[in-house]
Structure formats: C-alpha cells, structure tokens
Amino acid sequence: NVVSYSDGVPGESHGIPYFYLTTLDPTARDALEDERTSFTLSEFPLGTCGKVDPENPTCAKLTLTGKLKVVDHKSPEADLAKTALFSKHPEMEGLAKEPSL
C-alpha cells in the first residue's frame, strides 16, 4: 500500500520513518497482527530518473525492512513524529486527533 511518511522536518532527518496510519487501512491492521514490514522508496520523486518510467530498472529503489511500532501518543517522540509529518504533509494535520500507529 502507498502511504505518506516523514523522517524529520525538512533538512533535519532523524533516520526513522514515521507514518500516520488508521486501522481503517489494511496496512495498520496487518501491522497490529504482525509488526514485520518492508518499506520501499523510489528515486523517481527526486526527479533524477529523467523521463523514464518509474518502474524502469535504471530508476533506483531502496527497500528497508524492520518492525512497524506504535508510538506512545503522549511521548516526546509522538510530538516529533507529528511535527515531521505535518511539516511535509500539512493536509494530514486535520485527519484525526490521534494517529492509530
């Protein structure tokens, strides 16, 4: 599934990807059952692939594997995650009062 993410405010990456998910989405429901996950990034949004198809093998992709964890909504990390997400995706701020994951 395609989801938006952020790893920090612009120019200040923390190296931890944060997602704003709801249990209405199968991604979140699946993660609550089995936290193992993979996350793929494409070079295409950077604009460095030229005019080739994003699926062209010359347009690099990176797949990270790990565990999708729920962030404690009252923790400083949750504040960091929200600031990071909303700075890159301001339209997300009004979606819900608290993210599910």
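# Report on a predicted protein model

Cysteine 49 is buried, and cysteine 59 is buried as well, where buried means under 20% relative accessible area, exposed over 50%, and partly exposed in between (1.4 Å probe, protein chains only). The model is a predicted one, in which local features need pLDDT of at least 70 and side-chain atom pairs count only at pLDDT 80 or more, while totals for chains, interfaces and linings use all residues. Residues are numbered from 1 along each chain as its sequence is written, and side-chain values use heavy atoms, with hydrogens and water left out.

The two cysteines are joined to each other by a disulfide, with an S to S distance of 2.0 Å, and a search of the whole structure finds 1 disulfide, defined as a pair of cysteine sulfur atoms within 2.5 Å. The torsion about the S-S bond of cysteine 49 and cysteine 59 is about 70°, so the disulfide is right-handed. Both cysteine 49 and cysteine 59 lie in the loop between β3 and β4, so the pair ties together parts that are 10 residues apart in sequence.

The protein has 2 helices and 4 strands, which from the N terminus on run β-β-α-β-β-α; helices (H or I, at least four residues) and strands (E, at least two) are DSSP runs, numbered from the N terminus. Its C-alpha atoms fill a box of roughly 45 × 30 × 20 Å, taken along the principal axes, and of the 101 residues in the protein, 25% are buried.

What makes up the largest nonpolar core? It consists of 8 residues, namely Tyr18, Tyr20, Val71, Ala78, Ala81, Leu85, Phe86 and Met92, and helix α2 (residues 76-88) gives the most to this core, with 4 residues. Apart from it lies another core of 6 residues, including Phe19, Leu21, Ala28 and Ala31. A nonpolar core is here a set of buried Ala, Val, Leu, Ile, Met, Phe, Trp, Tyr and Cys residues joined through side-chain atoms within 4.5 Å.

The lining of the largest pocket is made up of 49 residues, of which Val3, Tyr5, Pro17, Phe19 and Phe39 lie nearest its centre. By class, this lining has 27 nonpolar, 11 polar and 11 charged residues, where Ala, Val, Leu, Ile, Met, Phe, Trp, Tyr, Cys and Pro count as nonpolar, Asp, Glu, Lys and Arg as charged, and the others, Gly among them, as polar. The largest share of the lining, 7 residues, comes from β3.

Aspartate 7 is placed in the loop between β1 (5-6) and β2, whereas aspartate 72 lies in the loop between β4 and α2 and is exposed, with a relative accessible area of 52%. Their polar contacts, each a pair of N or O atoms within 3.5 Å, are listed here.

| Side chain | Partner | Distance |
|---|---|---|
| Aspartate 7 | Serine 13, side chain | 2.6 Å |
| Aspartate 7 | Lysine 88, side chain | 3.4 Å |

Leucine 46 is found in the loop between β3 and β4, and leucine 46 is exposed, with a relative accessible area of 68%. Leucine 46 and leucine 32 are 14 residues apart in sequence and 32 Å apart in space, C-alpha to C-alpha.

How values were computed:
1 Å grid on protein atoms, 1.4 Å probe; cavity = no way out; pocket = protein on both sides within 12 Å on 5 of 7 lines; lining within 4 Å. Polar contact = N/O pair within 3.5 Å; in protein donor to acceptor, adjacent residues only side chain to side chain.
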